[in-house]
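Here is a short briefing on a ligand site and a sheet. Look at the structure, then work through the points.

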Amino acid sequence: MTTRRRFTLTQYLIEQRRRFPSASGDFNALLLDVALACKAIARSVAFGELTGVLGNPVVDVATSLNVQGEEQKRLDVISNEYFTQMTEWGGHLAGMASEEMDAPYQIPETLQRGKYLLVFDPLDGSSNIDVNVTVGSLFSVLRAPPGVIDSGRDVVEADFLQPGTQQLAAGYALYGPTTMLVLTVGNGVAGFTLDPNLGQFMLTHPNMTVPADTQEFAINASNSRFWEAPVKRYVDECLAGKTGPRGKDFNMRWIASMVAEAHRILMRGGVFMYPRDTKDASKPGRLRLLYEANPVGMLIEQAGGRASTGREPMLQVKPHQLHQRIPLVFGSKNEVERIERYHREPNAYPDARTPLFAERSLFRD
Ligand code: AFP
């Protein structure tokens, strides 16, 4: 059997770099450092409890709550350290920001600073770690503002507050039955599978695209009583299946690891919703804009899908805070556009609770 020659991540990046003849190679080197961090995290995830990284931090960890006020699992902390340690020394970064760090991370003054910003969620889906369900890492590369590059000054929060359209690259690592890296550098989406024997990410999915239609939706249905009318309308119509206005049956999934949901949608279509709800008025959504919604948004749109807040395209949102949350809907283009349309017609839903459409009877009860 002739073994099919596969591209490595390095070869793919070199191919992509041909579009920029004057490129220095810094961008590719940064992405390879990110890939190394993901390989290190994959190893820690794979060893799990064998190395005692699961469960909550031991009491000697100074702060076991992250900026979101959520319990930090030890693997969250380790994953964050892998990202900073593997990428800070290469001289490509002006600074970093992470879900696990309150303030932007400064490149040590002993190291050279570069022209890019790295934004990441080192371990997404961490509530699944202890039950051995797929988790992932998310990352996004931005260009540092000119003032930062020219002066070499420390980065500040404002440097990161760029809309998703400004992303130069975005991707995720998926720590599942296989470890994968899915990446866009602005020219489509490519998927790589980690070859454990080589320790290399091999190109296995060269041109990932999201089907425009689907019969599969993902949402945490336990929040349904908090949803806004357009989301309730959309989900009710999916649940009505063939008997309802959609005229076809739908399937539902909820893994509670957005990276895993995003990968399923990239592979076979679907729609993911974590909408604004009334559960906690202080939170306009659960997902974070800069290091979850934007990288996934870039990947999905590069693959021909659509990413939205439900009311506006995700990548056009102007961030106002490093850790801000945002309502998130992404996936098959035609489904996301339908959900957006429902948000433009909030009163169009013939909801049984609305007196106008309540059950009518000739005989008043
Ligand atoms: P954790 O990283 O805290 O587990 O959150 C994961 C996540 O941000 C996203 O990956 C999931 O889709 C979503 O939260 C799950 O939220 P629920 O636990 O409310 O279903």
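**Ligand site and sheet**

The shell around the ligand divides into 6 nonpolar, 5 polar and 4 charged residues. Here Ala, Val, Leu, Ile, Met, Phe, Trp, Tyr, Cys and Pro count as nonpolar, Asp, Glu, Lys and Arg as charged, and the others, Gly among them, as polar. This is a predicted model: local features need pLDDT of at least 70, side-chain atom pairs count only at pLDDT 80 or more, and totals for chains, interfaces and linings use all residues. Residues are numbered from 1 along each chain as its sequence is written, and side-chain values use heavy atoms, with hydrogens and water left out.

**Around the ligand**

- Domain 1 (9-205) and domain 2 (216-357) both give residues to the shell, so the ligand lies between them. The domain bounds come from an automatic or database domain assignment.
- A side-chain N or O atom of Asn220 is 2.9 Å from an oxygen atom of the ligand.
- For Trp254, a polar side-chain atom lies 2.9 Å from an oxygen atom of the ligand.
- Gly125 uses its backbone: an N or O atom there lies 2.9 Å from a ligand oxygen atom.
- The protein buries 89% of the 480 Å² that the ligand exposes when taken alone. These areas come from the Shrake-Rupley method with a 1.4 Å probe.

**The sheet**

- An open sheet holds 8 strands in the order 2-1-3-4-5-6-7-8, with mixed pairing. Strands are DSSP runs (E, at least two residues), numbered from the N terminus. Two strands pair if DSSP finds at least two bridges between them.
- Strand 2 (105-106) and strand 8 (200-205) are the edge strands, and each pairs on one side only.
- Strand 1 (residues 93-98) pairs with strand 2 in the antiparallel sense over 2 bridges.
- Met96 stands opposite Tyr105 in strand 2.

How values were computed. Polar contact = N/O pair within 3.5 Å; in protein donor to acceptor, adjacent residues only side chain to side chain. Helix = DSSP H or I, 4+ residues; strand = E, 2+ residues; numbered from the N terminus.
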